[in-house]
Every structure is written in C-alpha cells, then in structure tokens.
Amino acid sequence: MRLEGTFLRSKVARRVLLSFVLAAFIPFSFLAILYFMQANRMLVRQAHIALEGASASYGRTIYDRLLMADGLLRDAAGDLSGHDAHAPATKRLGRVFRGLTVTSPQHGAVPLFPDTPDMMPLGGAAVAQLHRGGSVLMSGNSPGRGTRILLVQALRPAAAELRLVVAEIDAGYL
C-alpha cells in the first residue's frame, strides 16, 4: 500500500490528524508532569531523611567525644592537683586538648601546654555548676585564633576558692 501525498491537503484531514495528535499528547504530557513532580518530591523527602540521620549521628558523635574529653580531664585531675605530676597528665591529655591551664587565686594561671587558653569570665550559674562538681563547656571567638571550645572543671569543688582546669578542646578531635 502506498501513501498518497494528497491525504493531508484537505482541511478536514489536517484537523483530524491534529486532533489525534493532541488527544495522544495532552494525557502524555500531563502524566509526565505529574511523574516529574512526584519523583521530585520523593527525592527531596529522601534527601531530608538522609540529612536528618546524618546530622543526628554527627550530633551523637560530638556528644560522645565531649563526654570522653570530660572523663579524661576528670581522670587527670588528680595528677594536675599536685605540682610535680604534670608530665604524665599532659602526655595523656595532649591528644585531645590543644591548650591546658590550671588557674588558682594564689598562683594565678599556670600553663601546662604551650598554647594556653584564655579564660572567659564565668557567670553565676557556671560557678555554681563547678561547685557541684560538674563541668562547664564554653565557646567563643578569640582574636587571631578563631573559635575556641573550652572545658572548665574544678580540681576541688568543695573548696572555698576554686582551682580550675581550663582545657581547650582540639577541634580536630571533635
């Protein structure tokens, strides 16, 4: 069977062909747009779920590392309370902390690491937390040094005047 070139020359034939193409193309384009929107929503939802899981995991990891740093500093507090036993404590703490200073009202600040952290002022709630034997975590910017994360503990919380250990946590550890 051979097609003649005359079948599209009439207006009726062209309108029938156009109606047939539109009748097939309109539902196809509607379904394509609907599929694209649904697929886009599903991919965005999956990305949000994955991001939420990753951020929760990252938060738990940072919290665990902060707890380990707190425990390590608490274990080393016995070595730091004496004047001659700083070497074993600084060797253990050097992997986690970038700077370490013992401050007391009588002796002032005694740096144990070359990079000594600058003590930020403590508020009333922080001092009460230290007197209860807890730790205080502080962060702030230091000129020329960027953001610093400080962990502060009292060597003897029951004492009237607090002797504090101020340790700057190495950001690479977290």
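Leaving aside neighbours within four places in sequence, Asp 70 is in contact (heavy atoms within 4.5 Å) with Ser 135, Leu 151 and Gln 153. Asp 70 is found in helix H1, where helices (H or I, at least four residues) and strands (E, at least two) are DSSP runs numbered from the N terminus. At 17% relative accessibility, Asp 70 counts as buried, a word that stands for under 20% relative accessible area, while exposed stands for over 50% and partly exposed for values in between (1.4 Å probe, protein chains only).

This is a predicted model, in which local features need pLDDT of at least 70 and side-chain atom pairs count only at pLDDT 80 or more, whereas totals for chains, interfaces and linings use all residues. Residues are numbered from 1 along each chain as its sequence is written, and side-chain values use heavy atoms, with hydrogens and water left out.

**Overall architecture**

- The protein has three helices and five strands, and these follow the pattern α-α-β-β-α-β-β-β when read along the sequence.
- Of the 174 residues in the protein, 26% are buried.
- The protein exposes about 11,900 Å², of which carbon and sulfur atoms supply 64%; accessible areas come from the Shrake-Rupley method with a 1.4 Å probe, and for residues only the protein chains shown count as cover.
- Among contacts between residues at least 6 apart in sequence, 50% join residues at least 24 apart.

**Salt bridges**

- A search of the whole structure finds three salt bridges, each defined as a side-chain nitrogen of Lys or Arg within 4 Å of a carboxyl oxygen of Asp or Glu.
- One of them joins the side chains of Asp 70 and Arg 74, with an N to O distance of 3.5 Å; these two residues are separated by about one helical turn, because they stand four residues apart in helix H1 (residues 11–81).
- Within that pair, Asp 70 counts as buried at 17% relative accessibility, whereas Arg 74 is partly exposed, with a relative accessible area of 36%.
- A salt bridge also brings together the side chains of Glu 168 and Arg 98, at 2.3 Å from N to O; Glu 168 lies in strand E5 (residues 164–169) and Arg 98 in strand E1 (residues 97–104), so the pair ties together parts that are 70 residues apart in sequence.
- Glu 168 counts as buried at 1% relative accessibility, while Arg 98 is partly exposed, with a relative accessible area of 35%.
- Glu 168 forms a salt bridge with Arg 148 as well, with the closest N and O atoms 2.1 Å apart, and this pair links distant parts of the chain, since Glu 168 is in strand E5 and Arg 148 is in strand E4 (residues 146–154), 20 residues apart.
- Arg 148 is buried, with a relative accessible area of 3%, and Arg 98, Arg 148 and Glu 168 are linked in a network of salt bridges.

**Nonpolar cores**

- The largest nonpolar core has 18 residues, of which Ala 69, Leu 73, Leu 93, Phe 97, Leu 100 and Ile 169 touch the most other members; such a core is a set of buried Ala, Val, Leu, Ile, Met, Phe, Trp, Tyr and Cys residues joined through side-chain atoms within 4.5 Å.
- The elements that give two or more residues to this core are H1, E1 and E5, and H1 gives the most, with five residues.
- A second, separate core of 10 residues includes Ala 126, Leu 150, Ala 154 and Val 166.
- Not counting residues up to four places away in sequence, Phe 97 touches a set of residues that includes Ala 69, Leu 72, Leu 73, Phe 113, Leu 151 and Glu 168.

**Leu 66 in helix H1**

- Leu 66 has its place in helix H1 and, with residues up to four places away in sequence not counted, touches Leu 137, Ile 169 and Leu 174.
- The C-alpha atoms of Leu 66 and Leu 151 are separated by 9.0 Å, although the two residues are 85 residues apart along the chain.

**Aromatic rings**

- Arg 65 lies over the face of Tyr 173, at 5.5 Å from the ring centre; the rule asks for NZ of Lys or CZ of Arg within 6 Å of the ring centre and within 35 degrees of the ring normal.
- The count of aromatic pairs comes to zero, where rings of Phe, Tyr and Trp (its six-membered ring) pair if their centres lie within 6.5 Å, with planes under 30 degrees apart counted as stacked, over 60 as edge-to-face and the rest as tilted.
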